[in-house]
Amino acid sequence: MNRLVILGDSTAAPKREEARPETGWGEAFSKYLKPGWSLDNRAINGRSTKDVLSRGEFEAALSVISSGDIVLIQYGHNDEKLDDPFRGTSAWHEFPVNLVYMAKKLKEKGAKVIFLTSIARRAFEKGKLVDTHGDWPSAMKYAASIAGVDCVDMTIPTMLGIVEKGEEVSKEYFMNFAPGLYENYPEGDEDNTHLRLEGAEWVASIVYEKLSMLSDKPEALI
């Protein structure tokens, strides 16, 4: 059985029950796979390209990759944290270097590799959504061109979706809610990065749509 593997950060990662309703979009993606394909979601909270390599987690994933597997790679949120020496990577040096390295190693194992830029944060200033990702999405697209892999832009589509929902209604996608709504968060939450189930399903649907539009559509998809 071939696998679709997800490597990424907390926006895609599976969550513990005590964190619910927080949900990674990778958890909502299995319904888009054909019979005979399995989903191996190896995204981990807090990871960047730097520490997924330094911790040996990429090597662990690489060791089980087989020819014909598909690997989706989505990092950036934590690479942007330049004040963190264990995770931050420069947009135009270490970040693309790490991505190209991972793509090369995966392709050597016979995997199909696809990069996905970071999903947007729900960051409004004076009623307008602002970009928080800087050069990292563009740097990922550059890395994809060097590595010879596809890169799906998830930043702009998710920004557009948040704007369409509006400043208040878009909270339903994120961990931003009033007290008393969820047992795990009696005081509510104001997290505009991580997703609730509604947001995870929404992002997963965009990932599926964008992957389906590639000229070389991944064979795992329905």
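This dialogue explains how to read several features of a predicted model.

Me: Is Gln74 buried or exposed?

Reply: Burial is judged from relative accessible area, with values under 20% counted as buried. Gln74 has a relative accessible area of 2%, so the residue is buried. Gln74 belongs to strand E3, residues 70-74.

Me: Which side chain does Gln74 join through a polar contact?

Reply: The side chain of Gln74 is joined to that of Trp25 by a polar contact of 2.8 Å. Gln74 also touches residues including Leu7, Asp9, Ser118 and Met154.

Me: Which residues of helix H3 are buried, and where do they lie on the helix?

Reply: In H3, the buried residues are Phe95, Pro96, Asn98, Leu99, Met102, Ala103 and Leu106. Viewed down the axis of H3, the buried residues fall within an arc of 160°, so they line one face of the helix. They pack against helices H1, H2 and H4 and strands E3 and E4.

Me: How are the rings of Trp92 and Tyr142 arranged?

Reply: Ring pairs are classed by the angle between their planes, and an angle over 60 degrees counts as edge-to-face. The planes of Trp92 and Tyr142 stand at 65°, with ring centres 6.1 Å apart, so this pair is edge-to-face. Trp92 lies in the loop between E3 and H3 and Tyr142 in helix H4, 50 residues apart.

Me: What is the arrangement of Tyr173 and Trp202?

Reply: Tyr173 and Trp202 form a stacked pair, 4.1 Å centre to centre with 5° between the planes. Tyr173 is in the loop between helix H5 and strand E8, and Trp202 is in helix H6, so the pair ties together parts 29 residues apart in sequence.

Terms used
Residues numbered from 1 in each chain as written. Predicted model: local features only at pLDDT ≥ 70, side-chain atom pairs only at ≥ 80, totals over all residues. Heavy atoms only, no water. Helix = DSSP H or I, 4+ residues; strand = E, 2+ residues; numbered from the N terminus. Buried < 20%, exposed > 50% of the residue type's maximum accessible area, 1.4 Å probe, protein only. Polar contact = N/O pair within 3.5 Å; in protein donor to acceptor, adjacent residues only side chain to side chain. Contact = heavy atoms within 4.5 Å. Arc of directions from axis to C-beta. Phe/Tyr/Trp six-rings, centres within 6.5 Å; stacked < 30°, edge-to-face > 60°. Lists of a residue's contacts leave out its neighbours within four places in sequence.
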